[in-house]
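Colleague: I am new to this structure. Could you show me how to read its main features?

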Amino acid sequence: MKEKPFRIAITGKGGSGKTSITVLLAKALIENRTTKLLLVDADPTHPHLCDMVDLHPHQTIEKIRKNLIQSVYRNEKVLSKIAQDIDFEVYNAIQESKHFSLFSLGQPEGPGCFCPSNTILRNVIDSISHDFDVVLIDCEAGLEQIHRQVLKSIHFLIIVVDLSMRSVETARSIKSSAKKFTNSQSMGVIVNKSLGDITPLLNKIEEFKLSLIGTISDDPLIKNFDLMGKPLIYLPETSTSFREMKLLIDRIFPS
Ligand SMILES: Nc1ncnc2c1ncn2[C@@H]1O[C@H](COP(=O)(O)OP(=O)(O)OP(=O)(O)O)[C@@H](O)[C@H]1O
Ligand SMILES: [Mg+2]
């Protein structure tokens, strides 16, 4: 791997399997054991990554932001102290486990849009990733975070598609936006939940000049984990989807 930290964003249509793919990739990297890994749960609408890796940060960007706003309203802090504190709080928000660390955008508790949190995330992504070899960012569905340049400094973009032409259309839009709003030179598509003859989908991917990383099968074990509410990080090493993900690693990481 040339770049360290090597930042990978996982994007795609809603429900295509971005978070599951993030977890499978994390598992494959953990098995390598040579990687200092940071996972970023960057989805403010469906922050499921924390559940899927069974780690729950006590602090999130949303909570930090809320506390700071409250302390400003109460006139508790001068501006210079706020700037110092936000750095400290952000670093403290990185939750560590034995094999990886996790940082979460969090979910807004009240009304309002996600723009302020996305702005903070854009500004801290570089600094929080410095102590790590690989950073996996599980993104919100669609294009919003790319357009807001939250993913500006990534090195590789994974676009997850499922067995629908709409997800390939979304992949095409993501590719075109990523060229404008990120520095990433490399990107590729993972076809997730693959089952049966997917030739029409592969033809569309080729027609749109999207580069194909590979496919991950529709895995009954993933569905079963979901049904039972079990964190996907505990998926057995023998599972089809995990074995397939291990084969894709070399196509994602430059040697
Ligand atoms: N390879 C797979 N085989 C079977 N089921 C899968 C597979 N990948 C994902 N799923 C299932 O598809 C559903 C959506 O997966 P996931 O939450 O990872 O998608 P997502 O793109 O992150 O969704 P969102 O847009 O809500 O963040 C889940 O029920 C998950 O268990
Ligand atoms: Mg998700």
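Modeller: Gladly! Keep in mind that this is a predicted model. Let us begin with the core: the largest nonpolar one has 66 residues, and those with the most contacts inside it are I8, L39, L136, I137 and I158. Helix α1, residues 18-32, gives the most to this core, with 7 residues.

Colleague: Why look for such a core at all?

Modeller: In soluble globular proteins, nonpolar side chains tend to be buried together.

Colleague: How many strands does the open sheet have, and in which order?

Modeller: The open sheet has 8 strands with mixed pairing, in the order β3-β4-β2-β5-β1-β6-β7-β8.

Colleague: Which strands stand at the edges?

Modeller: β3 (95-96) and β8 (212-217) do, and each has a single partner strand, so one side of each is left without a neighbour in the sheet. β3 pairs with β4 (residues 101-104) in the antiparallel sense over 2 bridges; E96 has S101 in β4 as its bridge partner. Helix α1 packs on the sheet, touching β1, β2, β5, β6, β7 and β8, and the direction of α1 makes about 165° with that of β5.

Colleague: And which residues are the closest to ligand 1?

Modeller: Of the 21 residues that surround ligand 1, the closest are G17, K18, T19, S20 and D226. At least two residues of this shell come from each of α1, β7 (186-194) and α9 (220-228). By kind, the shell divides into 3 nonpolar, 11 polar and 7 charged residues.

Note on methods:
Residues are numbered from 1 along each chain as its sequence is written. Chains are lettered from A and ligands numbered from 1 in the order in which they are written. This is a predicted model: local features need pLDDT of at least 70, side-chain atom pairs count only at pLDDT 80 or more; totals for chains, interfaces and linings use all residues. A nonpolar core is a set of buried Ala, Val, Leu, Ile, Met, Phe, Trp, Tyr and Cys residues joined through C-beta atoms within 7 Å. A residue is buried if 20 or more other C-beta atoms lie within 10 Å of its own, exposed if 12 or fewer, and partly exposed in between; C-beta atoms are placed from the backbone. Helices (H or I, at least four residues) and strands (E, at least two) are DSSP runs, numbered from the N terminus. A residue is near a molecule or strand if its C-beta atom, placed from the backbone, lies within 6 Å of it. Ala, Val, Leu, Ile, Met, Phe, Trp, Tyr, Cys and Pro count as nonpolar, Asp, Glu, Lys and Arg as charged, and the others, Gly among them, as polar. Two strands pair if DSSP finds at least two bridges between them. Two residues are in contact if their C-beta atoms, placed from the backbone, lie within 7 Å. Axes are lines fitted to C-alpha atoms, for helices over the stretch in contact, and angles run from 0 to 180 degrees between N-to-C directions.
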